[in-house]
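My notes follow the order in which I looked things up.

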Amino acid sequence: MATARRQRFIRATLAWLLGAALVLSLLSSLTYELFFVVSLIGLLVVVELTAPFRVTPTWRSRLKWLIALGLAVFGYIVIRRILEILPPGVI
């Protein structure tokens with residue numbers, strides 16, 4: 001069974017994801033890329049706001065791999081967007 005802090009982290013992350021999907025759909029801007037970027041920002045915010053002061057549980061130390069994967073995908077999205085903006089003869 002998950003601890004209270006882990007449940008709080010999961011609830012905050014799910015609330016952010018649902019809120020992001022709702023706001024993006026209300027703005028008619030819901031795309032996979034934009035949802036991913038907003039969700040990644042939310043995950044980073046929730047990780048920082050719920051970070052313990054003294055002891056880091058093992059489940060939180062495993063979050064670094066999820067964050068690293070998210071940042072790698074974010075980098076891919078940024079590079080792809082930059083290549084779309086550049087004129088065809090530049091590269």
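**Fold and helix 4**

I counted 4 helices and 0 strands in the chain, taking helices (H or I, at least four residues) and strands (E, at least two) as DSSP runs numbered from the N terminus. The radius of gyration is 17 Å, well over the 12 Å that the globule rule gives for 91 residues, so the chain is more spread out than a compact globule. That radius is taken over C-alpha atoms, and the rule is 2.2 Å times the number of residues to the power 0.38.

I noted that the model is predicted: local features need pLDDT of at least 70, side-chain atom pairs count only at pLDDT 80 or more, and totals for chains, interfaces and linings use all residues. Residues are numbered from 1 along each chain as its sequence is written, and side-chain values use heavy atoms, with hydrogens and water left out.

I then looked up the extent of the C-alpha trace, which spans about 55 × 30 × 20 Å along its principal axes. Buried residues (under 20% relative accessible area, 1.4 Å probe, protein chains only) make up 20% of the 91 residues.

I turned next to helix 4, residues 63-85. Its 23 residues reach 33 Å from first C-alpha to last, close to the 33 Å expected at 1.5 Å a residue; the expected span is 1.5 Å times one less than the number of residues.

Which residues of helix 4 are buried? I found Leu63, Ile67, Gly70 and Ile77. The buried residues of helix 4 pack against helix 1 (4-26), helix 2 (32-49) and helix 3 (58-61).

Methods:
Buried means under 20% relative accessible area, exposed over 50%, partly exposed in between (1.4 Å probe, protein chains only). Contact means heavy atoms within 4.5 Å.
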